[in-house]
Amino acid sequence: MYYGADYYPEHWPKERWAEDARLMKEANINVVRLAEFAWAKLEPAEGHYDFSWLDEAIDILGKEGIKAVIGTPTATPPKWLVDKYPDIYMKDRYGHVRGFGSRRHYCYNSPVYHEYTKRIVSKIAKRYGVNENVIAWQIDNEFGCQDTGQCYCENCQLAFREWLKERYGSLENLNRAWGTVFWSQTYNDWDEIILPYYTVCEDSDHRFHGHNPGLLLDFYRFSSDSVVSYQKLQVDLIREFASQPITHNLMGHFPEIDYFKLGKDLDFVSWDNYPRNQWRIDGSDFREVAMAHDLMRGVKDKGFWVMEQQSGPCGWSVMGRTPKPGQLRLWTYQAVAHGAEAIVYFRWRTCAFGAEEYWYGILDHDGIPRRRYGEVQKTGKELQAISDIIVGSRVVSETAIIKSYDNLWSHRIQPHSTGFDYNTLLMSYYKGLINNNINTDVISIDHDLDRYKVVFMPAFNLVKEDIIEKIEEYVKNGGNLVLTFRSGSRNWDNSMRTDTLPGGFRKLAGIEVEEFDSLNQDCEGITGIMGDGTAITWCDILKPNGAGVLAVYASGYYRGSAAITVNTFGKGKVYYVGCGLDQKSLDKLIESIAGEAEVGQVLPWKTEGVEAVKKEKDGKPYIMVLNHNPVPVIVDTGGNYTDLLTGGKINNKLELEPYGVSVLV
Ligand code: GLA
Ligand code: ZN
């Protein structure tokens, strides 16, 4: 399996390169990613190329058996280029140019940037497409990062109009879909159509208050599509000249790009995982990281790479806490458990200059191997020993959570309630599953559903006929579907449906929403199969229309009204959860739904802070157990196993050290 580091030879004297390669080899590293920000080194002046340094670095590494992934350097257009063509720069919603000084300072729709992209990418692809030490490509770097998912420049305005023509065919259709009769917004010419610039209505939280929701959602879609086409331009070029597989480094839960669409053009997905950084001082919940891994696996429904895995304390101006002994190894195994087939640590050696002087890598500024190097070395050795059950394995999941970027964007534009966030709601369901030792896939609505016993489809607000038909089919054939509040109330163009809520899902759910209450920060009581609990964020007051009642509200004027229901539909069942729930109640509800559907648990007992993932390679199952606690734990395995890492026998009780890991067969 590939195991490596992100390496920047251009930041260090040549004399050090051979020593780096030697130290890497000793650390069991066999791959590096190179050059993704090196445009100005590769083409210092227009048309003057210098590949000699990169050739030499690849060669030195190659001699130690270390292969390379080459990044196309388009995330950092050089100064000579943007000075010559300033309209390459992005603009913000106030029309200000977002200029030079950091990175990602280009617009995805700039025709001149497309031309220069083609030139540099084809040069590189031709040169390294035939290099046997180059084993893969990374397109650009983290599309959308540093708030670059959306641009408001003139090029984007023109491109948006073209995109809309394609989508709507006629202005009449567009005006109808957006409901432009409201506030006299009717467009009589395509050239009149605006981007959602700053208007008199914008609030201090920079939401797009006052803009038309149809236009806003289409702007989100257009912006995401712009990234997808910009990536495609590069993918097509590389395929012309090179045969190595192509990836891009995604960002887990990042909300502005439809990763299911972005992933279609790639050969494999990779992503960048920093569980503890400047923005997450206390370290993120391991379940959030787990879900990001599962989403990354779901993008192409197959194994992925971690292209940047945190390897030190990190931040830009301030730093998060340093990874404690065992944590680098734990995070690596967590990635592998959820489907990573290659791990690349960011970065090999901490840079002494530039914006990331504080973003520590495997080596410190002084380049001397210490604790973190030792842990990477040890982990690499262990992983190579079991690599045949890692590469090409799959996670065994009987449940899935559907994630929809269209719905995410619609909810971002109008979150309904101050307490509401679509990703957080999905996460609460994900936590409910992990808290019950249940594996899950995170998938798009286009994915095949039949293989799942339970499909969770939280707050699927925008609907269209083919989606309704698809899930009706799934349930009819025996599937179990879980819907929540804010489902089925809008059309795909972001206008409100005028049928009784839950609109498109009314028949399936066997209920009607009589009234609702946007709780914001308040809460109400709820009681039912999960015991007594708390309803948060939102309460749908339900009138069963064939469905049975599983829980009722326990306070407020709607006390006693149905809050959670279940309806039999064909051979399957549809659950409707009319409110947000405190996590404990949600865990219990999920336990009961999964129990009814006979979903298997990875381990029969839950140990706090311990994660268990069931995997399979060539029909042979194994379980990865991860202790995220800073203290040792004893895990009830409910059976006898062998630990593949130590060879030890486990008789019902597995002892794990702080941040310890075990692979059970
Ligand atoms: C991202 C980028 C890297 C680096 C790290 C640390 O993941 O892809 O280039 O900037 O963050 O900030
Ligand atoms: Zn633009």
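**Group meeting: pockets, rings and cysteines in a predicted model**

The second largest pocket in this structure holds about 610 Å³ of space. A pocket here is an open set of points on a 1 Å grid over the protein atoms alone, with protein on both sides within 12 Å along at least five of seven lines. Grid points are joined across faces, edges and corners, and the volume is the space filled by probe spheres set on the points. Lining residues have an atom within 4 Å of a point. There are 24 of them in this pocket, and the closest to its centre are H11, F37, T76, S102 and A355. By type, the lining has 12 nonpolar, seven polar and five charged residues. Nonpolar covers Ala, Val, Leu, Ile, Met, Phe, Trp, Tyr, Cys and Pro; charged covers Asp, Glu, Lys and Arg; the others, Gly among them, count as polar.

Now the ground rules. This is a predicted model, where local features need pLDDT of at least 70, side-chain atom pairs count only at pLDDT 80 or more, and totals for chains, interfaces and linings use all residues. Residues are numbered from 1 along each chain as its sequence is written, chains are lettered from A and ligands numbered from 1 in the order in which they are written, and side-chain values use heavy atoms, with hydrogens and water left out.

A cavity is a set of grid points where a 1.4 Å probe fits but cannot get out. The structure has six cavities of 30 Å³ or more. The largest cavity has about 80 Å³ of space, and its lining includes D294, H338, Y430 and E611.

On to the rings. Rings of Phe, Tyr and Trp (its six-membered ring) pair if their centres lie within 6.5 Å; planes under 30 degrees apart are stacked, over 60 edge-to-face, and the rest tilted. There are 39 aromatic pairs. One of them is Y106 with Y108, edge-to-face, at 5.4 Å centre to centre and 75° between the planes. Both of these tyrosines are buried, meaning under 20% relative accessible area, where exposed is over 50% and partly exposed is in between (1.4 Å probe, protein chains only). Why is the pair of Y557 and Y558 edge-to-face? Because their planes stand at 80°, with ring centres 4.9 Å apart. Y557 has 60% relative accessibility, so it counts as exposed; Y558 has 2%, so it counts as buried. Y106 and Y108 also belong to one aromatic cluster with W39, Y113, F143 and Y230.

Some rings have a charge over them, with NZ of Lys or CZ of Arg within 6 Å of the ring centre and within 35 degrees of the ring normal. K41 lies over W53 at 5.7 Å from the ring centre, and K79 over F100 at 5.6 Å.

Last, cysteines. C539 is buried, at 0% relative accessible area.
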